[in-house]
Amino acid sequence: MSKSLFIFAEIKPKPEHFHAVQQAIFGILKQTREEAGCLSFDLLEAPDKDALFLFEEWIDEASLNQHHEQPYTVNAANACKEWLAEPTRVVPMHRLA
């Protein structure tokens, strides 16, 4: 059984900042996917374009924590702070079977 950590994050930008938040995340996709502990990092969009979702898989929590310390991650998160309609909802999960 895999011990990897899955993250499902719901990001709700203010409507006028939707594209800016999307671009900020696009800006870190390649670097994040190249991190040693990243198994998957996918950006998804709600059909009504009111929310973005990140679906991530990391080899462990330490790898996720290292990701959050990367300058590009910190910069993207700081840039988006004022653009969000509400705090990002993050759900960590582990595979059961």
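Visitor: In which helix is the place of Asn78, and is Asn78 buried, partly exposed or exposed?
Guide: In this predicted model, the place of Asn78 is in helix α3. Buried means under 20% relative accessible area and exposed means over 50%, with partly exposed in between. Because its relative accessibility is 41%, Asn78 counts as partly exposed.

Visitor: What distance separates the C-alpha atoms of Asn78 and Gly27?
Guide: Asn78, which has its place in helix α3, stands 51 residues from Gly27 along the chain.

Visitor: Which element supplies the largest share of the lining of the largest pocket?
Guide: The largest pocket holds about 490 Å³ of space, and of its 22 lining residues the closest to the centre are Ile11, Leu54, His68, Ala77 and Thr88. At least two lining residues come from each of β1, α1, β3, α2 and α3. The largest share, six residues, is supplied by α3.

Visitor: Which element supplies the largest share of the largest nonpolar core?
Guide: This core has 21 residues, and those with the most contacts inside it are Ile11, Val21, Ile25, Phe41, Leu52 and Leu54. At least two of the core residues come from each of β1, α1, β2, β3 and α3. The largest share, six residues, comes from α1.

Visitor: Is His67 buried or exposed, and with which residue does its side chain make a polar contact of 2.8 Å?
Guide: His67 is found in helix α2, and because its relative accessibility is 3%, His67 counts as buried. Leaving out residues up to four places away in sequence, His67 touches Thr32, Glu35, Phe41, Trp58 and Thr73. Phe41, in turn, has His67 among the residues that it touches, along with others including Ile28, Leu29 and Leu54. The polar contact of 2.8 Å joins the side chain of His67 to that of Glu35.

Visitor: Where is the place of Ser4, and which residue's side chain does its own side chain join in a polar contact of 2.7 Å?
Guide: The place of Ser4 is in the segment before β1, and Ser4 counts as buried because its relative accessibility is 4%. Apart from neighbours within four places in sequence, the residues in contact with Ser4 are Leu39, Glu57, Trp58, Ile59, Met93 and His94. The polar contact of 2.7 Å is between the side chains of Ser4 and Glu57.

Visitor: How far apart in space are Leu84 and Phe18, C-alpha to C-alpha?
Guide: Leu84 is found in the loop between α3 and β4, and at 18% relative accessibility it counts as buried, because the limit for that class is under 20%. Beyond its neighbours within four places in sequence, Leu84 is in contact with Ile11, Lys12, Pro13, Lys14 and Val21. Although Leu84 and Phe18 are 66 residues apart in sequence, their C-alpha distance is 8.5 Å.

Visitor: What value is the phi of Lys49 near?
Guide: The place of Lys49 is in the loop between β2 and β3. Most residues other than glycine have a negative phi. Lys49 is a residue other than glycine with a positive phi, near 55°.

Terms used
Residues are numbered from 1 along each chain as its sequence is written. This is a predicted model: local features need pLDDT of at least 70, side-chain atom pairs count only at pLDDT 80 or more; totals for chains, interfaces and linings use all residues. Side-chain values use heavy atoms; hydrogens and water are left out. On a 1 Å grid over the protein atoms alone, a cavity is a set of points where a 1.4 Å probe fits but cannot get out, and a pocket is an open set with protein on both sides within 12 Å along at least five of seven lines; lining residues have an atom within 4 Å of a point. Grid points are joined across faces, edges and corners, and a volume is the space filled by probe spheres set on the points. Helices (H or I, at least four residues) and strands (E, at least two) are DSSP runs, numbered from the N terminus. Buried means under 20% relative accessible area, exposed over 50%, partly exposed in between (1.4 Å probe, protein chains only). A polar contact is a pair of N or O atoms within 3.5 Å; within protein, one must be able to donate a hydrogen and the other to accept it, and residues adjacent in sequence count only if both atoms are side-chain atoms. Contact means heavy atoms within 4.5 Å. A nonpolar core is a set of buried Ala, Val, Leu, Ile, Met, Phe, Trp, Tyr and Cys residues joined through side-chain atoms within 4.5 Å.
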